[in-house]
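Visitor: I would like a short tour of this structure. Please take me from the whole chain down to single contacts.

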Amino acid sequence: MRVVGRWVEVMLLVQRCWGPRLAGRRPCCSCQSPARLGGSSGGKDNQGSRVREKPPWRVLFLGTDHFARETLRALHAARDNKEEKLIERLEVVTVPSLSPKGLPVKQYAVQSQLPVYEWPDIGSGEYDVGVVASFGRLLSEALILKFPYGILNVHPSCLPRWRGPAPIVHTVLHGDTVTGVTIMQVRPKRFDIGPILKQETIPVPPKSTSKELEAVLSRLGANMLISVLKSLPESLNNGRPQPTEGVTYAPKVSAGTSCVKWEEQTSEQVLRLHLAIGDIVPLQTLWLENTIKLLDLVEVNNTIIADPKLKGQTMTPGSVVYHRQSQMLLVHCKDGWIGVRSVMLKKTLTATDFYNGYLHAWYQKNPHSHPSQCRFQTLRLPVKMHEKQVVAMQQCIK
């Protein structure tokens, strides 16, 4: 009997972390979901606390940015909902920040008077389930096992597409027409590989920025999470493995990503790059040894392209001209033109200001020069500057 009892304990521990499908064989009816780890009399988890079979849940939330804050807001609202007792206790973990105010999740937690800890401190409370959104830290198996129902991840993509820390940026950057949110169960050692508990898709609005898409997906993800928590044992039991096909990765955005490669990138790619990261860091280029940030980029319509001054001319990628009728700078990419309405040199300038103060003055000094001689060129960041900008951008992304 002692051997049998020990075998049952081992099987239940494997099931808690990996789900019933990976526990070696289909479990019996008394242990088909984590909610039944202790049987009908109410069992105990590996910390000795009673395992709950139904709400209200004790939740530990781990997150950082605006996307995560919307999930936290929904959890907080559910905790305060007296009519439907879904959450009994809610505590928060975030990561250190360079900002004195802290990241959006910490700001919300402090304003809402929720207990908040800084990673790797996770407090000492007992919880039923963990929830993670935009956290950016790999969670250990030991941590996952602290939760009878494991840890759920609110991930803004249709997994397995765009596994990794920057799925929304890569969705916009690659011109995806469909995206969505996946609620999955976290597995140790690798990001975003766990079973899917719930997944919904939506069309990507045309010309939307990452920030605009984030707002839409954050609300969708928050609502989906609450739905999963309402039927948590059933959702976990019905989780399905991620497909092995269609896996793509969404690595962190680097500072070098913001440097436009005029010879390599098409006008569509440059515009998508602006839509994807322009809210995080402006695109950058080099003009006469000066670094210029491109603040407002737009698609160039056919009417402008048909202008006799542009049509039929052979332009080197990076060539920049001022189009007076549209009051835009037109920059030639690998295949065509992109419009720039404002830039930052020493200060923010409209395209007209930049032309009057810099571009026109250069042509006056060099009346016989070809326009390609004052073109925008690809900026090559020094290694140290690149590393500093990566750190700053990561703080901004979170």
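Visitor: Among contacts in the protein chain between residues at least 6 apart in sequence, what share joins residues at least 24 apart?

Guide: A word first: this is a predicted model. The protein chain comes to eleven helices and 13 strands. Among contacts between residues at least 6 apart in sequence, the share that joins residues at least 24 apart is 66%.

Visitor: How much of the protein chain is buried?

Guide: The cut-off for buried is under 20% relative accessible area. The protein chain has 398 residues, and the buried part makes up 49%.

Visitor: Which residues do ring pairs link into a cluster?

Guide: The structure holds ten aromatic pairs. One of them joins Trp262 and Phe376, with 6.2 Å from centre to centre. Ring pairs build a cluster from Trp262, Trp287, Phe354, Tyr358 and Phe376.

Visitor: Is the pair of Trp262 and Phe376 stacked, tilted or edge-to-face?

Guide: Planes under 30 degrees apart would count as stacked, and planes over 60 as edge-to-face. The planes of Trp262 and Phe376 are 40 degrees apart, and the pair is tilted.

Visitor: How many residues apart are Trp262 and Phe376?

Guide: Trp262 sits in the loop between helix H7 (232-237) and helix H8 (267-277). Phe376 sits in the loop between helix H10 (351-365) and helix H11 (383-397). The pair links distant parts of the chain, 114 residues apart.

Visitor: Is Trp262 buried or exposed? And Phe376, buried or exposed?

Guide: Trp262 has a relative accessible area of 0%, so Trp262 is buried. Phe376 has 0% relative accessibility, so Phe376 also counts as buried.

Visitor: Which residue has its backbone oxygen 2.9 Å from a polar atom of the side chain of Thr285?

Guide: Thr285 is found in strand S8 (residues 283-287). Thr285 is buried, with a relative accessible area of 0%. Its side chain makes a polar contact with the side chain of Trp262, at 2.9 Å. The backbone oxygen 2.9 Å from a polar atom of the Thr285 side chain belongs to Gln377.

Visitor: Why is S8 largely enclosed by the rest of the structure?

Guide: Thr285 in S8 has contacts beyond its neighbours within four places in sequence, including Ile292, Leu294 and Leu379. S8 is largely enclosed because, of its five residues, the number buried is four.

Visitor: What is the bridge partner of Leu286 in S9?

Guide: S8 and strand S9 (residues 290-299) run antiparallel, joined by five bridges. They form a hairpin with two residues between them, and Leu288 in the turn has a positive phi of about 50 degrees. In S9, Leu286 has as its bridge partner Thr291.

Visitor: What separates the C-alpha atoms of Leu359 and Leu329?

Guide: Leu359 lies in helix H10. Leu359 is buried, with a relative accessible area of 1%. Its contacts beyond neighbours within four places in sequence include Trp287, Phe354 and Leu329. Leu359 and Leu329 are 30 residues apart along the chain, and their C-alpha atoms are separated by 10.0 Å.

Visitor: Which element gives the largest share of the lining of the second largest pocket?

Guide: The second largest pocket holds about 400 Å³ of space. Of its 20 lining residues, the closest to the centre are Lys207, Glu268, Leu271, Arg272 and Leu275. Helix H5 (167-173), H8 and strand S12 (337-344) each give two or more residues to the lining. The largest share, five residues, comes from H8.

Conventions
Residues numbered from 1 in each chain as written. Predicted model: local features only at pLDDT ≥ 70, side-chain atom pairs only at ≥ 80, totals over all residues. Heavy atoms only, no water. Phe/Tyr/Trp six-rings, centres within 6.5 Å; stacked < 30°, edge-to-face > 60°. Buried < 20%, exposed > 50% of the residue type's maximum accessible area, 1.4 Å probe, protein only. Polar contact = N/O pair within 3.5 Å; in protein donor to acceptor, adjacent residues only side chain to side chain. Contact = heavy atoms within 4.5 Å. Pairing = 2+ DSSP bridges. 1 Å grid on protein atoms, 1.4 Å probe; cavity = no way out; pocket = protein on both sides within 12 Å on 5 of 7 lines; lining within 4 Å. Points joined across faces, edges and corners; volume = space filled by probe spheres on them.
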